[in-house]
Amino acid sequence: MDPTIAGVTGIAIMVFLFMTRMPVAFVMMLVGFVGFSLLTSWKGGLNLMSRNIYDAFASYELSTIPLFILMGQIAFNCGISRRLYNTAYHFLGDIRGGLAMATVSACTAFGAVCGSSPATAATMSTVGIPEMKRYGYANSLATASVASGGGLGMIMPPSVVLIIYGVLTEQSIGALFVSGIFPAFLLTVLFVIAIYIQCRINPRLGPKGDSFTWPQKFRSLAGLIDTLIIFALVIGGLFRGWFTPTEAASIGVLGVLTLALIKRQLSWAAFVNSLYETLRTSCMVLVLIAGAVVFGKFLAVTRIPFDIANWVSSFDMPHFAIMGTIILIYFIGGCFMDSLALIMLTIPVFFPVVTSMGYDPIWFGIIIVLITEMGVITPPVGINVYVVYGMCQKIAPGVTLEQVFRGIVPFMLAIIVGIALLFVFPQIILFLPGLMY
């Protein structure tokens, strides 16, 4: 069988299976295994499967993922996310759309102790959506603000996606973490502006909430203390070179657990639940990585990635136009594939092309994470949308999937504006790494 034809057929079958709602990881693993075996040998395919599954679960670098997820789960179960939301609500709740703005702000802060986009979306759904529903917010704005704000967990350090990008490209994970801080705050501001504009146009989307005095607002700032301590401990230690990212993740878990025990805010049942959710989420992510690697090996045998790279680099266009084409490819791919899978598949293809044009690899990493953030809220994959929709079946019955996707549009436009700003002003990304490294 011709390798190129096999590759195109495999991609078509994969897209079809995605539409059947088969788990993404199993689809990539199945198509990759069968395709690789047909082009090489069944023995080679079996060896590939066993080796890559073992490597994903035994990788020292990827051990940061379950540790950061555990840190986020303990933070949620000991009430850190609720205190963050309460602080944001005190400052923003008395303006139109203020609860949605508070939710987005709390998502940014919680991303600093979580690092997982779906985990942030699920956590803030339980905190924010019931409150917004109580104050008469439209389903579209309430759910979309959580789904979009949850995506900030992908870029706010510690970010699971940035860890994987750093491992794949051999870039400093510490530098990637630092570079994500300003873009995360920029995107938060753009999301808040998008909510404000929506509520100015249609005030019924987000009615005003309670108002608070300035003394009450300042007292609510106490809810930030735990997050600031953990953020300073993890990111500050990376800045100073006291420990590696893997060690930083373990220090973060120890820090959150210590604070929870000192304040007696974590019951034994909540701790067990944190371990269970961490195990479930970590297995999902690691199986996804293993599936993406298997499928990537199949694509490598077909030569399709190299043909695409040569095709893109052969364009007789300015470098920024080629970069725009790559961004468009990522945007379209993000509509059909999970963000982790997309990065695992495409970074080996486009990273050499981008660096050969002189673009900074740290800058490219943040740009790609922003684009894949659009993927977690765009159909048909849109993992954050499905997470929020699933949570709503328990906490806000009556919310439809169409309402969530309809509310996403303004936030997608905000992400596009953010990408354009970072493209024009790359120092927004590179300023802090330039100071620290």
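**A close look at helix H6**

Guide: In this predicted model, helix H6 is mostly covered, with 13 of its 14 residues buried. The helix runs over residues 98-111 and reaches 20 Å from its first C-alpha to its last, which is close to the 20 Å expected at 1.5 Å a residue.

The partner to consider is helix H7, residues 117-134, against which H6 packs at an angle of about 155°, the two axes being 10 Å apart. Because angles over 145 degrees count as roughly antiparallel, H6 is described as roughly antiparallel to H7. The crossing of H6 and H7 is right-handed. On the H6 side, the contact is made by Leu99, Ala100, Thr103, Ala106, Cys107, Phe110 and Gly111, while H7 contributes Thr120, Thr123, Met124, Gly128, Glu131 and Met132.

Threonine 87 lies in helix H5, residues 80-92, and is buried, with a relative accessible area of 4%. Once its neighbours within four places in sequence are left aside, threonine 87 is in contact with Ser220, Leu221, Gly223 and Leu224. Glycine 382, by contrast, is found in a loop, the one between helix H19 (361-375) and helix H20 (383-395), and is buried, with a relative accessible area of 0%. With neighbours within four places in sequence again left aside, glycine 382 is in contact with Gly375, Val376 and Ile377. The C-alpha atoms of glycine 382 and phenylalanine 405, which are 23 residues apart along the chain, are separated by 9.0 Å.

Glutamate 170, in the loop between helix H9 (160-169) and helix H10 (173-179), has a phi near 60°, a positive value in a residue other than glycine. Glutamate 170 is exposed, with a relative accessible area of 72%. Arginine 264, for its part, sits in the loop between helix H14 (245-262) and helix H15 (268-302), and its phi, near 55°, is likewise a positive value in a residue other than glycine. At 79% relative accessibility, arginine 264 also counts as exposed.

How values were computed: Residues are numbered from 1 along each chain as its sequence is written. This is a predicted model: local features need pLDDT of at least 70, side-chain atom pairs count only at pLDDT 80 or more; totals for chains, interfaces and linings use all residues. Side-chain values use heavy atoms; hydrogens and water are left out. Helices (H or I, at least four residues) and strands (E, at least two) are DSSP runs, numbered from the N terminus. The expected span of a helix is 1.5 Å times one less than its number of residues. Buried means under 20% relative accessible area, exposed over 50%, partly exposed in between (1.4 Å probe, protein chains only). Contact means heavy atoms within 4.5 Å. Axes are lines fitted to C-alpha atoms, for helices over the stretch in contact, and angles run from 0 to 180 degrees between N-to-C directions. Angles under 35 degrees count as roughly parallel, over 145 as roughly antiparallel, 65 to 115 as roughly perpendicular and the rest as oblique. A crossing is left-handed if the near helix is turned anticlockwise from the far one by less than a right angle, and right-handed if clockwise.
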